[in-house]
Amino acid sequence: MKRTVIITGIIVLVAVIILIVVSRVTSKKDVANLYGVSLKGQFDIIVTTTGELQAKKSTDITGPEFTQSRNIRAMDIKITDMVQEGTEVKQGDYVATLDRTSFDNSLKDELERLTTQETNLEMKILDTAVTLSNLRDNIKNLRFSVEEADITLQQSKFEPPTTIRQAEIALDKSNRTLDQSIRGYALRVEQAKSDMRTMKNNLSEQRTRVSDLQTVLSKFIISAPSDGMIIYKRDRMGAKRKVGSSISPWDNVVATLPDMSSMISKTYVNEIDVSKVKQGQHVEIIVDAFPEKSYTGTVTTVANIGEQLPNADAKVFEVQIEVDGSDPILRPSMTTGNKIITKTISDVTFIPLESVQAGVDSIPFVYLKNGTKQVVVLGESNENNVVVEQGIVSGTQFYLSTPPNPEKFKMVGLDLITVIKAREQAKKDEEMALRREAEKAKEQRGGGFGGGMPGGRMGGGGMQNITPEMMQQFQKMRGQGGQGGQGGTRDTTGMAARRKMRNSQQQQGQTPAVPAPTPVKK
């Protein structure tokens with residue numbers, strides 16, 4: 001029994017010792033996590049984005065071309081079958097099938113129209129031949145009638161004058177009838193030729209329409225134009241085209257065959273950071289599928305116009321980054337993490353952003369390990385760190401967050417407050433100068449009534465102070481002064497006083513207000 005108690009006591013003692021040791025080690029780690037050390041070296045200002053790999057060059061696999069034929073009504077076509085994305089294909093291999101239903105019905109209707117037009121043309125040829133044959137027979141009969149009338153006239157030479165006159169009239173009528181028939185026949189021949197040309201042209205157009213439809217339908221089974229890997233095409237909304245999707249006459253690309261030897265990362269930068277991104281900047285790239293590998297690249301294009309992506313509120317700008325070199329493991333549509341290095345500063349001191357505090361007066365400071373609050377002059381910053389231009393040097397230890405009993409820390413470096421406020425004032429002055437320049441440029445463009453006149457007379461500022469009554473009096477003075485002295489004289493003394501007052505205001509930087517006109521002496 002006594003032995004059991006001793007063993008139990010030893011076990012308890014060992015457990016207590018272990019707990020004490022673990023507690024001390026943990027407390028040391030916690031204390032170590034509270035502090036940081038300022039570093040000195042190269043400082044990179046980085047814009048971090050997420051992108052997607054794409055081939056720099058690719059071959060489009062397209063459906064039928066509708067724009068080449070004006071005889072076919074353009075419409076969207078649904079994809080009914082398609083090989084899996086990522087499939088390796090050879091030139092001429094099957095890729096996809098398009099829905100033929102609508103076009104098969106259209107071809108059937110056009111073939112019926114073609115048969116009808118061919119039949120109508122044949123019937124027109126026969127009808128025209130019969131009609132012209134009858135007209136020719138009629139002309140021949142009329143020639144005989146003319147000969148008979150001429151014979152009758154010759155035999156009536158010894159008849160009374162009335163009989164001779166009747167014979168002459170009958171001959172004239174026969175001649176006119178013959179002439180009319182000959183002219184009518186010529187017109188009917190020309191009309192028949194014109195009708196034939198029209199029907200043959202319509203028939204030719206119908207045959208072309210049928211041929212175009214047959215050519216288009218022959219391309220509803222799509223083959224690969226070259227060797228490569230099938231990558232589905234994305235539409236304007238970013239969705240991949242697959243079975244059930246549609247292609248339009250103006251965007252008939254079904255899939256692409258990318259050139260894997262050269263890849264780009266397509267990404268988007270928000271409107272706040274896009275001004276920092278420029279062509280030629282270095283980029284560090286990590287592919288999510290292979291986190292152990294890293295790549296480099298260069299910014300090649302930055303969009304000039306922003307866009308709003310689906311399900312997003314902020315405007316973004318498209319940026320393309322060309323990946324340096326090539327790697328056979330890279331595939332299109334892989335997600336990339338891009339660090340665009342927009343600026344590099346050499347040999348500067350920097351600390352984590354989380355360690356910088358600010359009081360009510362917005363003066364930045366850092367809690368140092370020696371028990372003081374050091375005022376710091378900050379410079380450029382990135383996502384994690386900020387440059388310290390004045391206040392601390394490399395190797396200084398500081399708290400990463402607010403320490404216990406912060407009121408016991410003494411504020412030092414108060415002389416730097418003047419530097420910080422001077423910088424803030426200089427920044428405000430620069431912003432005000434830019435704003436004034438913008439307003440000045442706007443006034444020069446707009447000007448208002450009388451804008452652009454020497455001395456600023458009746459400029460945009462003066463017009464704002466004119467009431468309708470003052471404008472009426474001003475117009476009345478102009479009318480009286482323009483009559484060559486008839487009907488009244490100008491008060492030149494009052495005008496000189498107003499001009500002197502306006503010039504004085506302009507010299508003092510004030511906007512001249514237009515005073516009420518002096519009444520005209522009558």
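Here is a short tour in questions and answers.

Visitor: What kind of model is this, and which strands make up the open sheet of 4 strands?

Guide: Keep in mind as we go that this is a predicted model.

Visitor: Which residue of β18 is the bridge partner of A358?

Guide: Strand β17 (residues 357-358) and β18 run antiparallel and are joined by 2 bridges. Together they form a hairpin with 5 residues between them. In β18, the partner of A358 is P364.

Visitor: What is the bridge partner of Y367 in β19?

Guide: β18 and strand β19 (residues 372-375) run antiparallel, with 3 bridges between them. Their hairpin has 4 residues between the strands, and there G371 takes a positive phi near 90°. Across from Y367, the partner in β19 is K373.

Visitor: Are the residues on the two faces of β18 buried or exposed?

Guide: In a regular strand, side chains alternate between the two faces of the sheet. In β18 (residues 364-367), P364 and V366 lie on one side, while F365 and Y367 lie on the other. Both faces are covered, and all four of these residues are buried.

Visitor: How many aromatic pairs are there, and at what angle are the planes of Y35 and Y399?

Guide: Searching the whole structure gives 6 aromatic pairs. In one of them, Y35 and Y399 have ring centres 4.8 Å apart. This pair counts as tilted because the planes are at 50°.

Visitor: How many residues apart in sequence are the parts that Y35 and Y399 tie together?

Guide: Y35 belongs to strand β1 (residues 35-37), and Y399 to strand β22 (residues 397-399). Y35 is partly exposed, with a relative accessible area of 21%, whereas Y399 is buried, at 11%. Because of where the two residues lie, their pair ties together parts whose separation in sequence is 364 residues.

Visitor: What type of aromatic pair do F365 and Y367 form?

Guide: F365 is buried, and Y367 is buried too. Their rings are 5.3 Å apart, centre to centre, with 85° between the planes. Ring pairs also link these two with Y35, Y399 and F409 into a cluster. The type of the F365 and Y367 pair is edge-to-face.

Visitor: Where is N405, and what is its phi?

Guide: You will find N405 in the loop between β22 and β23. N405 counts as partly exposed because its relative accessible area is 41%. N405 is a residue other than glycine with a positive phi, near 50°.

Visitor: Which residue of β11 is the bridge partner of I61?

Guide: An open sheet of 3 strands has the order β3-β11-β9, with antiparallel pairing. β3 and β9 each have a single partner strand, so one side of each is left without a neighbour in the sheet. β3 and β11 pair over 5 bridges. The partner of I61 in β11 is A255.

Visitor: Which element gives the largest share of the lining of the largest pocket?

Guide: The largest pocket has a volume of about 810 Å³. Its lining has 31 residues, with E52, Q54, R234, G238 and K266 nearest the centre, and divides into 11 nonpolar, 9 polar and 11 charged residues. Elements that give two or more residues to this lining include β3 (58-62), β9 (231-232) and β11 (253-258). The largest share, 6 residues, comes from β2.

Key
Residues numbered from 1 in each chain as written. Predicted model: local features only at pLDDT ≥ 70, side-chain atom pairs only at ≥ 80, totals over all residues. Heavy atoms only, no water. Buried < 20%, exposed > 50% of the residue type's maximum accessible area, 1.4 Å probe, protein only. Pairing = 2+ DSSP bridges. 1 Å grid on protein atoms, 1.4 Å probe; cavity = no way out; pocket = protein on both sides within 12 Å on 5 of 7 lines; lining within 4 Å. Points joined across faces, edges and corners; volume = space filled by probe spheres on them. Nonpolar A, V, L, I, M, F, W, Y, C, P; charged D, E, K, R; others polar. Phe/Tyr/Trp six-rings, centres within 6.5 Å; stacked < 30°, edge-to-face > 60°.
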